[in-house]
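Hi,

Here is the structure we talked about. My notes on the side-chain contacts follow below it.

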Amino acid sequence: PNMADVSPELKGFGYSPFSPTQATKSPRPRIGVPGYALYPQNIRVLCRIGGSSFESVFKTPLLYIYLVLLAVCIAVFAAIDYKKSVIRGATVPHGFANLLTSLDVFIMTFFIGQCFSEANARFENVCKTNGTITRLSALAGGLLPQETARILMRFTNAIMHIYYLMLSGPLDEGKWSLLQQRGLLTDEEIRALQLQGSPAVVLYTWAIKVLRNQSLTGQDSSMPERVFTELIQPLEEQIGGARGLAAKQIAYTITQIPCNYFHVVYFAVNILLACTVYDSGHMVAVALDKTCFDGVEGPCEGIPRVVMIVITEVLTLVILIALLQTAEGLADIYGNKQFHYDLGFDLDNLWQESQNVLKSMATECPTLKNPPSV
């Protein structure tokens, strides 16, 4: 395989089953994740749109559905004779409103915490996977001949690529082609793997066979076999660790937060939103009815009061929907949104790192070349 460049790059692509296929064809810049610019951790963050809660809220149809409902409620309640209408008594009971508000605050706090904890766990496993690939490259470069080290690095990086690419769905011709273009697998190897199930596990088996053949035939004659075998063992541990940790990301993707938990959170929050929208209509009617304010004849709050009711209700909608969208984004951290983690950046860097180690093997360490005199 051509080891000259990591091409094509995978940086900027999504690795999520929930992102549309076309989204992965248009790499998007990220913010606040490795490989991209950091966002300001101060008041200036409110000036950002990309990657912010504002972007998530104003792109979801849910906000506009509630804005339409709010407009309908205000129009209906403003048009009726509120004092004489039977609807005057059909308000949301205070006890129910208070209970629902407290419940939603409680459930949203734990829901976002659960999603954030899972996102942190997934990131921790990514870091461990990166560490195993780095250690594998260093051990292979220091212990094995260059050609054997190249095979092991190719296979191990290919295992990681396969599992990450499978996050967005099964391996197709496009994904196999990427592995070949990046120099990870040859055409012959790809054809052999396509005939098998579990291609990443088969690659793991091939890597073990490479290590076994090396331990039987390739060790340094000046090094005892037992010592060489003990040095080879950590290589297998790193390959197995990378395979297991990368596969764990698929387990996280297909084992979601329990559906009933996700459902009850969305149900409770949407019931609260509907109640606040409906109650806003009542408050507008009270503000516009000149005889209903505390039973006293004369002007009530009027238009200024209506304006404040509408503004505060819109803010309530934005904040609660933003919290839902935040939890939704945390539940799928490898998508194509600006705040999502970019696995492609890791794949590019680790494969480039392996190639750098291979290139360095052609140059002898100056200290070993000219050992200091004792």
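**Aromatic pairs**

A search of the whole structure finds 8 aromatic pairs. Phenylalanine 106 and phenylalanine 110 form one that is tilted, at 4.8 Å centre to centre and 50° between the planes. Helices are DSSP runs of H or I, at least four residues, numbered from the N terminus.

A word on the model. It is predicted: local features need pLDDT of at least 70, side-chain atom pairs count only at pLDDT 80 or more, and totals for chains, interfaces and linings use all residues. Residues are numbered from 1 along each chain as its sequence is written, and side-chain values use heavy atoms, with hydrogens and water left out.

Next, phenylalanine 155 and tryptophan 206. Their ring centres are 5.9 Å apart with planes at 50°, so this pair is tilted. The pair links distant parts of the chain: phenylalanine 155 is in helix H4 (residues 146–165) and tryptophan 206 in helix H7 (residues 199–217), 51 residues apart. Phenylalanine 155 is buried at 5% relative accessibility. Tryptophan 206 is partly exposed at 22%. (Buried means under 20% relative accessible area, exposed over 50%, partly exposed in between, with a 1.4 Å probe and protein chains only.)

One aromatic cluster is formed by Phe111, Tyr261, Phe262 and Tyr266.

**Salt bridges**

The structure holds 5 salt bridges.

- Glutamate 124 and lysine 128: the closest N and O atoms are 3.6 Å apart. Both residues are in helix H3, 4 residues apart. Glutamate 124 is partly exposed at 45%, and lysine 128 is partly exposed at 43%.
- Glutamate 189 and arginine 154: the closest N and O atoms are 2.9 Å apart. Glutamate 189 is in helix H6 (residues 187–194) and arginine 154 in helix H4, 35 residues apart. Both are buried.
- Aspartate 348 and arginine 182: the closest N and O atoms are 2.9 Å apart. Aspartate 348 lies in helix H11 (residues 343–360) and arginine 182 in the loop between helix H5 (173–181) and H6, so the bridge ties together parts 166 residues apart in sequence. Aspartate 348 is buried at 9%, and arginine 182 is buried at 1%.

Best wishes

Technical notes
Phe/Tyr/Trp six-rings, centres within 6.5 Å; stacked < 30°, edge-to-face > 60°. Helix = DSSP H or I, 4+ residues; strand = E, 2+ residues; numbered from the N terminus. Salt bridge = Lys/Arg side-chain N within 4 Å of Asp/Glu carboxyl O.
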